[in-house]
Amino acid sequence: MSLGKVSIAIEAAMAGFESDMGRAQRLLEKETKRMEKDLAAIGAKAKMVGTAIGAGIVAGLASVATATKRAIDEMDELGETAQKVGLPTEELSALAYAASFGAVNTETLSSSLVKLTKNASDARQGVGEAQKGFKALGIDVQNADGSMKSSGDLLTEIAGKFAKYRDGAEKTALAVNLFGKSGAELIPLLNLGAEGIENLKQEAEDLGLTFDDVTANRAGAFNDQLDKIRGIAKGLWQQIASQLLPVLVNLTERFFNSAKGAETLGKFVTTAVTGIKLLTSVGVVVVGVFKTLGEALGGGAGRVGERPS
């Protein structure tokens, strides 16, 4: 092969190599851009996921805080109710759970227990109409040592007798006799019987729904501290208001004295009337313009729709 042919072959090979390199470079740039686009999309999705997770955590913490405060309020309220009823908080919390299965709310339960305690005390002294009800059921309001039975024990004992009675006017009258006006509402609870109520009280304890006086007192102390903090904030704003009141009174008096002058009031009325007239005039003009425009458009449309004669 001559030197010229070799040179031409080398040049052709180099040209092909440069062409292949160019294609490779373009392909590399294309793939790089595609990868950058994919990474950007992944980054955007990751950011969205991170934002969603963060929002979920915040919402979860808010829900936990709300649920915790609600539980504290309920324990505080039930602890105060237990004091009124004369029962340990643990016993009342278990009894409240059992009552819920008889469609009896805590307020009705507590008022009925208070009335039952009073009626038992009267019966113990041989007075009051309720002693007839206790006698009819064969229930002694006293323990063996002469002390009076608690309202919780009496309710369970009454339920043991009551569940055997047929529903009717006599049963309702007996419930009212022992528990007062709300006695009729307790019938579904009493119909559970002593065993049914005790089983539900045990279930409440197993589920962690009961709590003692110490816990109730802590819940009350916590809410008391919150009330004090609110009191501090209220007092602060009252002090700020008391400092600002003289200035505010002075400003309002100056405004009133300035506005009540006949000349000032007259200028104000004149300006207001002029403004109203101007707005009315503008409104009339605008309505007229739109009316004229509508008529023109309507006429034009009519002419377009006419057939040539």
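Colleague: Which residue does Glu157 meet in a salt bridge through its side chain?

Modeller: Please keep in mind that this is a predicted model. A salt bridge requires a side-chain nitrogen of Lys or Arg within 4 Å of a carboxyl oxygen of Asp or Glu. For Glu157 the N to O distance is 3.0 Å, and the partner is Lys149.

Colleague: Is Lys149 buried or exposed?

Modeller: Buried means under 20% relative accessible area. Lys149 has a relative accessible area of 14%, so Lys149 is buried.

Colleague: How many salt bridges does the structure hold?

Modeller: Besides the pair of Glu157 and Lys149, one of them joins Lys132 to Glu129, with the closest N and O atoms 3.2 Å apart. Another joins Asp167 to Lys171, where the closest N and O atoms are 2.8 Å apart. The number of salt bridges in the structure is seven.

Colleague: Why does Lys132 count as exposed?

Modeller: The term exposed applies over 50% relative accessible area. Glu129, its salt-bridge partner, is exposed because its relative accessible area is 53%. Lys132 counts as exposed because its relative accessibility is 56%.

Colleague: Is Lys171 buried or exposed?

Modeller: Its salt-bridge partner is Asp167, and Asp167 is exposed, with a relative accessible area of 52%. Lys171 has 2% relative accessibility, so Lys171 counts as buried.

Colleague: What does the secondary structure of the protein come to?

Modeller: Read along the sequence, the pattern is α-α-α-α-α-α-α-α-α-α. The secondary structure therefore comes, by the DSSP runs, to ten helices and zero strands.

Colleague: Which element gives the most to the largest nonpolar core?

Modeller: The largest nonpolar core has 40 residues, and Leu109, Leu113, Phe134, Leu155 and Ile158 have the most contacts inside it. The elements that give two or more residues to this core include α1 (3–85), α3 (106–124) and α5. With seven residues, the element that gives the most is α2.

Colleague: With which residues is Leu109 in contact, leaving aside its neighbours within four places in sequence?

Modeller: Leu109 is among the residues with the most contacts inside the largest nonpolar core. Contact here means heavy atoms within 4.5 Å. With its neighbours within four places in sequence left aside, the contacts of Leu109 are Leu92, Leu95, Ala96, Ala99, Val104, Leu155 and Leu189.

Colleague: Is Ser151 buried or exposed?

Modeller: Ser151 is found in helix α5, which covers residues 151–162. Apart from its neighbours within four places in sequence, Ser151 is in contact with Val85, Leu87, Leu113, Leu116 and Thr117. At 4% relative accessibility, Ser151 counts as buried.

Colleague: In which helix is the place of Leu245?

Modeller: Leu245 has 47% relative accessibility, so Leu245 counts as partly exposed. The place of Leu245 is in the helix of residues 213–259, namely α9.

Colleague: What share of the accessible surface of the protein belongs to carbon and sulfur atoms?

Modeller: Of the 309 residues of the protein, 22% count as buried. The accessible surface of the protein comes to about 21,600 Å². The share of this surface that belongs to carbon and sulfur atoms is 63%.

Definitions and conventions. Residues numbered from 1 in each chain as written. Predicted model: local features only at pLDDT ≥ 70, side-chain atom pairs only at ≥ 80, totals over all residues. Heavy atoms only, no water. Helix = DSSP H or I, 4+ residues; strand = E, 2+ residues; numbered from the N terminus. Buried < 20%, exposed > 50% of the residue type's maximum accessible area, 1.4 Å probe, protein only. Core = buried A, V, L, I, M, F, W, Y, C linked by side-chain atoms within 4.5 Å. Areas by Shrake-Rupley, 256 points an atom, 1.4 Å probe, with all protein chains shown as cover.
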